[in-house]
Amino acid sequence: MGSLVQQPRTWWKESSVYQIYPESFQDSTGSGVGDLKGIISRVDYLKNLGVDIVWLSPIFKSPQVDMGYDISDYRAIDPPYGDITDVDALRDKLHERGMKLVLDLVINHTSDQHDWFKQSRSSKDNPFRDWYIWKPPRYDAQGHRLPPNNWESHFQGSAWQYDAATDEYYLHLFCREQPDLNWENPAVRRAAHDVMRFWLDRGVDGFPIDVINFISKDQAFSDSDQPVLKGHEFYACGARLHEYLKELGAILNEYDAFSVGEMPCVHDTDELIKAVGADRGELSMIFHFELMDLDHGPQGKFSAKTWPLTELKATVNKWQRLMYDRNGWNALYLENHDQPRSVSRFVKDDPEHRDASAKLIAIFLGFQAGTPFIYQGQEIGMANVPKDWPMDEYKDVDCLNHWSLYKDSADEDTKARLKAEYQKKSRDNARSPMQWDASPHAGFTTTGGGTPWMRVNDNYAPVHAAAQTSDPQSVYHTWRRVLEQRKALKDIFVYGDFELLDEQNDKVFAYKRMAGSGEAALVVCNFSAESVAWPWEGKAREVLVSPAAKTVKDVNGGEVRLGPCEAIALLL
């Protein structure tokens with residue numbers, strides 16, 4: 001444990017964020033697709049939960065090849081969601097309640113349907129040509145045309161797409177319909193800054209920024225020798241990244257705006273701390289991916305790996321200490337639109353343990369140092385899609401591209417193993433519609449009984465918001481209490497130090513939080529499916545959150561006894 005650091009105080013450190021995936025949140029028209037008016041109708045649900053910032057995944061005009069992360073117009077709303085006046089109405093409704101609105105910003109790449117790219121591909125001398133990354137082909141000894149290098153797309157296959165019209169390849173780190181912008185070009189950077197100012201001037205409070213660390217590419221474009229995801233070492237933290245982030249940071253700072261940068265594939269903590277250091281003027285916080293890679297096997301995401309609790313502890317401790325000791329800031333998350341459900345991934349999602357597991361997640365995550373992010377449905381304990389869903393229920397382009405590599409050639413054992421990994425890790429797990437009530441389609445779509453764009457999880461009858469908001473013992477109310485206590489005791493939970501306890505215990509994750517005043521709290525989480533007695537000689541003066549309704553007397557007898565998947569938070 002380091003000495004207590006005086007953390008600079010800001011509004012976004014004291015906030016919590018609720019992420020909405022608009023397609024799947026609430027359909028107000030019966031189209032089967034969620035929309036902005038649906039979100040507006042649920043603002044009080046979010047206010048009562050106690051969240052401060054509402055984050056919308058992309059709502060801009062898009063061909064929807066990658067669920068809106070392929071933007072064709074940054075100033076227009078995709079028509080199924082509504083229009084720009086709906087954004088204004090949502091902003092006003094949130095602001096009236098003291099809440100803020102942040103919009104997902106995707107500026108590493110655009111859609112190939114964006115006017116910039118249409119111009120760029122039209123000819124080599126078009127003024128927009130160098131807004132994207134174009135390279136001539138290579139040829140092998142036999143004269144076969146090859147991509148400029150061996151970099152791989154995050155969605156399988158080469159990261160280069162040949163364009164016959166100009167006999168060159170363009171770079172796309174994701175789908176071929178998502179060409180990467182060339183941030184070396186000052187005009188591209190100015191255009192990105194203009195997009196930010198357009199929305200900030202409109203009263204939006206900041207941005208989560210998609211794969212922001214990919215914007216600076218090594219200009220040599222050398223071949224890669226990496227075994228998985230070839231090329232990422234040349235763009236995950238390029239030479240000019242921090243220069244570009246400082247430019248973004250100057251604009252954000254001018255508006256006192258919130259920012260969180262998604263930063264996959266970076267493992268150098270010095271680079272990451274530069275992006276979020278309090279004195280650096282870059283981003284408020286980042287999403288690192290170390291916890292998200294915990295269950296990725298040797299062949300990447302869709303290969304199996306089991307992990308011990310000690311590995312989770314080491315990772316959490318590393319990031320808690322790093323950010324505290326070096327004046328950075330954590331974005332605390334265990335699920336989002338790209339990740340499976342945390343209750344299925346980190347604890348237990350069988351009917352017997354699901355509720356306790358979801359409450360454990362709230363206590364475990366919400367009391368760490370950093371800004372907590374809650375993904376829609378996490379607050380009611382939504383789980384992964386059922387194991388018996390056939391492949392034709394899956395929509396995730398990443399998952400389906402992977403399946404297409406094996407479905408016709410692999411043996412049945414391999415296919416069964418892959419399907420088990422998709423059910424654990426596909427992005428579809430996060431994208432099934434929000435479960436509002438026990439009516440058909442879980443109340444996600446009502447008007448005229450539309451068919452949801454994606455099937456609702458079969459478990460919506462026992463797991464839905466209406467039953468939980470009225471039940472003080474529910475997962476929803478556990479989250480509400482955690483967020484309430486985090487605010488009430490912000491010297492401890494927002495600005496205080498972190499100490500991991502009992503590091504080698506393979507069932508119990510326990511940690512302490514300490515304020516500069518000497519006030520402290522203890523969080524104890526039993527990640528196992530059996531009861532445990534955790535030896536503890538300390539004294540609690542108050543039980544802050546206990547889903548099992550434990551009292552001070554229950555914990556002050558030399559040990560903390562916890563049932564399966566039970567967690568507790570105590571004021572010492």
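**Exercise 1. Overall form**

The protein contains 17 helices and 22 strands, where helices (H or I, at least four residues) and strands (E, at least two) are DSSP runs numbered from the N terminus. The model is predicted: local features need pLDDT of at least 70 and side-chain atom pairs count only at pLDDT 80 or more, whereas totals for chains, interfaces and linings use all residues. Residues are numbered from 1 along each chain as its sequence is written, and side-chain values use heavy atoms, with hydrogens and water left out.

Solution. Along the principal axes, the C-alpha atoms fill a box of roughly 80 × 55 × 50 Å.

**Exercise 2. Helices α7 and α8**

Task: Determine how α7 and α8 are oriented to each other.

Solution. Step one is the geometry: α7 (residues 269–276) and α8 (residues 309–325) pack at about 50°, with axes 11 Å apart. Axes are lines fitted to C-alpha atoms, for helices over the stretch in contact, and angles run from 0 to 180 degrees between N-to-C directions. Step two is the class: angles under 35 degrees count as roughly parallel, over 145 as roughly antiparallel, 65 to 115 as roughly perpendicular and the rest as oblique. The pair α7 and α8 is therefore oblique. Step three is the contact (heavy atoms within 4.5 Å): T269, L272, I273 and V276 of α7 meet K318, W319, L322 and M323 of α8.

**Exercise 3. Two further pairs**

Task: Classify the orientation of α10 to α15 and of α11 to α12.

Solution. Helix α10 (residues 354–366) packs on α15 (residues 475–488) at about 15°, with axes 9 Å apart. Helix α10 is therefore roughly parallel to α15. Residues of α10 in this contact include D355 and K359, and those of α15 include W479 and R486.

For α11 (residues 397–404) and α12 (residues 412–425), the angle is about 175° and the axes are 11 Å apart. Helix α11 is therefore roughly antiparallel to α12. Here C399, H402 and W403 of α11 meet K415, L418, K419 and Y422 of α12.
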